[in-house]
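I opened this model with a notebook beside me. Here is what I looked up, entry by entry.

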Amino acid sequence: MQEAMARLEALAASARQAEERAAEWSVRRFTGRADEGRIVATVDALGVLAELEIHPLSRRRLDARRLGDEILNAIVRAEEAAAIAKDELTGG
C-alpha cells in the first residue's frame, strides 16, 4: 500500500510539474527576423502573430513583393521558434 501511495504521489508531482511547464510555455513570445533584422515578427506560443515591426528603411527600399516575402520570412522564423519550443516541452 505504501508503495502504491508513493507512486501516486510521484505521479501527482510529475503532473504538477508538467502543468507548470505548459503554463510557462503558453505565455512565451517568439520572434523571427528578416531583411537584416529590420523586420521583426512576434508570435505567441501557438504561432499566432502578435506583433509585426517594419523599419522605415525596409518600406522604402523593398518593393511590395519583396517586402511581403520578407514579412513572411520573419513570421515563418517566429513560428519555427515556437514549434521548436513546443517540441522541447513535449519531448519531440
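**Entry 1: the strands**

I began with strand S1 and strand S2 (residues 39-44), which run antiparallel and are joined by 6 bridges. For pairing I used the rule that DSSP must find at least two bridges between two strands. Helices (H or I, at least four residues) and strands (E, at least two) are DSSP runs, numbered from the N terminus. Before going on, I noted that this is a predicted model, where local features need pLDDT of at least 70, side-chain atom pairs count only at pLDDT 80 or more, and totals for chains, interfaces and linings use all residues. Residues are numbered from 1 along each chain as its sequence is written, and side-chain values use heavy atoms, leaving out hydrogens and water.

Next I looked at the whole sheet, which is open, has 3 strands in the order S1-S2-S3, and pairs them antiparallel. Strand S1 (29-34) and strand S3 (49-54) are the edge strands, each pairing on one side only. From one strand to the next, the twist averages 15°.

What packs on the sheet? I found helix H3 (residues 64-90) there, touching S1, S2 and S3, with its direction at about 145° to that of S1. Contact here means heavy atoms within 4.5 Å. Axes are lines fitted to C-alpha atoms, for helices over the stretch in contact, and angles run from 0 to 180 degrees between N-to-C directions.

**Entry 2: threonine 42**

I moved to threonine 42, which sits in strand S2. Is threonine 42 buried or exposed? Its relative accessibility is 10%, so I logged threonine 42 as buried. The cut-offs are under 20% relative accessible area for buried and over 50% for exposed, with partly exposed in between (1.4 Å probe, protein chains only). Setting aside neighbours within four places in sequence, I listed the contacts of threonine 42 as Arg29, Phe30, Thr31, Val48, Leu49, Ala50 and Glu51.

**Entry 3: the loop between S1 and S2**

I checked phi in this loop. Aspartate 35 lies between S1 and S2 and has a positive phi of about 50°, although it is not a glycine. Glutamate 36 is in the loop between S1 and S2 too, and its phi is near 55°, again positive in a residue other than glycine. Aspartate 35 counts as buried at 8% relative accessibility, whereas glutamate 36 is exposed with a relative accessible area of 70%.

**Entry 4: two helices**

Helix H1 (residues 2-26) packs with H3 at an angle of about 175°, and their axes are 11 Å apart. H1 and H3 are therefore roughly antiparallel to each other. That label applies to angles over 145 degrees; under 35 is roughly parallel, 65 to 115 roughly perpendicular, and the rest oblique. I noted which residues meet: Arg21, Ala22 and Trp25 in H1 with Ala82, Ala85, Lys86, Glu88 and Leu89 in H3.

**Entry 5: the whole chain**

Last, I stepped back. The protein chain has 3 helices and 3 strands, in the pattern α-β-β-β-α-α along the sequence. Its radius of gyration is 20 Å, well over the 12 Å that the globule rule gives for 92 residues, so the chain is more spread out than a compact globule. The radius is taken over C-alpha atoms, and the rule is 2.2 Å times the number of residues to the power 0.38. Along its principal axes, the C-alpha trace spans about 70 × 20 × 15 Å.
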